[in-house]
Amino acid sequence: MNKFFLVALLILGFGTANAQKFAYVNTQDILEKLPEFQKAQKEIDALSEKWQKEVEAKQNEIEKMYQAYQKEQILLPDEMKRKREDEIIQKEKELKEFQRKIFGTNGELFQKRQELIKPIQEKIYKAIEEVAQQGGFQIIFDKSNNASILFTDPKLDKSKEVLKKLGQ
């Protein structure tokens with residue numbers, strides 16, 4: 001179902017007897033303005049770059065092994081050919097395993113991102129909740145990444161209030 005229609009149904013489902021108060025925030029903008037997020041993001045980027053360089057080094061090593069094998073294979077006996085091919089295949093498997101371990105769905109990069117970013121996100125959501133309670137808002141939408149909000153009135157943007165709650 002289209003997100004816009006789902007939101008409309010949610011709004012209509014709250015009833016029309018009493019007026020509903022809505023607002024929105026842009027969590028991406030909020031995150032980008034927090035020094036602790038910027039620091040965490042730099043740490044994640046540095047780790048990612050370090051691991052990517054390791055991947056590239058392993059790929060270069062495999063490429064060199066393959067090129068050497070290509071040059072020498074004519075002179076090698078069948079047993080040596082198989083041995084060298086097996087070594088190259090083993091290195092490729094090790095590389096794929098390393099990439100999965102680091103960059104996979106629950107890999108080390110994902111875990112590090114969770115460790116560093118999740119507490120910041122929880123702080124933001126707590127601040128959003130406080131803004132909602134103090135302002136009497138029943139719903140606060142997140143405008144980040146164009147989350148199917150087709151129009152927003154700047155007066156309803158509570159991002160600055162959330163940043164104030166976060167000490168920014």
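This is a predicted model: local features need pLDDT of at least 70, side-chain atom pairs count only at pLDDT 80 or more; totals for chains, interfaces and linings use all residues.

User: What does the secondary structure come to?
Analyst: The protein has 6 helices and 2 strands. From the N terminus on, the order is α-β-α-α-α-α-β-α.

User: And how much of the protein is buried?
Analyst: Buried residues make up 26% of the 168 residues.

User: Let's take H5. How many residues does H5 have, and how far does it reach?
Analyst: H5 covers residues 108-135, which is 28 residues. From first C-alpha to last, H5 reaches 40 Å, close to the 40 Å expected at 1.5 Å a residue.

User: Where does H5 bend?
Analyst: At Ile117, by about 35°. A proline, Pro119, follows within four residues.

User: What comes after H5?
Analyst: Gly136 follows H5. The phi of Gly136 is positive, near 70°.

User: Which residues of H5 are buried?
Analyst: Leu109, Lys112, Leu116, Ile117, Ile120, Ile124, Ala127, Ile128, Val131 and Ala132. A lysine, Lys112, is on that list.

User: Why would residues three or four places apart point the same way?
Analyst: An α-helix has 3.6 residues a turn, so residues with that spacing point the same way.

User: What covers the buried residues of H5?
Analyst: The cover includes strands E1 (22-25) and E2 (139-142). It also includes helices H2 (27-33), H3 (35-72), H4 (78-103) and H6 (159-165).

User: Pick H3. Are H3 and H5 roughly parallel or antiparallel?
Analyst: Their axes come within 10 Å and cross at roughly 175°. Angles over 145 degrees count as roughly antiparallel, so H3 and H5 are roughly antiparallel to each other.

User: Which residues make the contact?
Analyst: From H3: Glu36, Phe37, Ala40, Glu43, Ile44, Leu47, Ser48 and Trp51. From H5: Glu108, Leu109, Lys112, Arg113, Leu116, Ile117, Ile120 and Lys123.

User: How does that contact split by class?
Analyst: The contact of H3 with H5 has 9 nonpolar, 1 polar and 6 charged residues.

User: New topic. Where does Pro154 lie?
Analyst: In the loop between E2 and H6.

User: Is Pro154 buried or exposed?
Analyst: Exposed means over 50% relative accessible area. Pro154 is at 64% relative accessibility, so Pro154 counts as exposed.

User: And how far is Pro154 from Tyr24?
Analyst: Their C-alpha atoms are separated by 9.0 Å. Along the chain, Pro154 and Tyr24 are 130 residues apart.

Conventions: Residues are numbered from 1 along each chain as its sequence is written. Side-chain values use heavy atoms; hydrogens and water are left out. The expected span of a helix is 1.5 Å times one less than its number of residues. The bend at a residue is the angle between axes fitted to the seven residues ending there and the seven starting there. Buried means under 20% relative accessible area, exposed over 50%, partly exposed in between (1.4 Å probe, protein chains only). Contact means heavy atoms within 4.5 Å. Axes are lines fitted to C-alpha atoms, for helices over the stretch in contact, and angles run from 0 to 180 degrees between N-to-C directions. Angles under 35 degrees count as roughly parallel, over 145 as roughly antiparallel, 65 to 115 as roughly perpendicular and the rest as oblique. Ala, Val, Leu, Ile, Met, Phe, Trp, Tyr, Cys and Pro count as nonpolar, Asp, Glu, Lys and Arg as charged, and the others, Gly among them, as polar.
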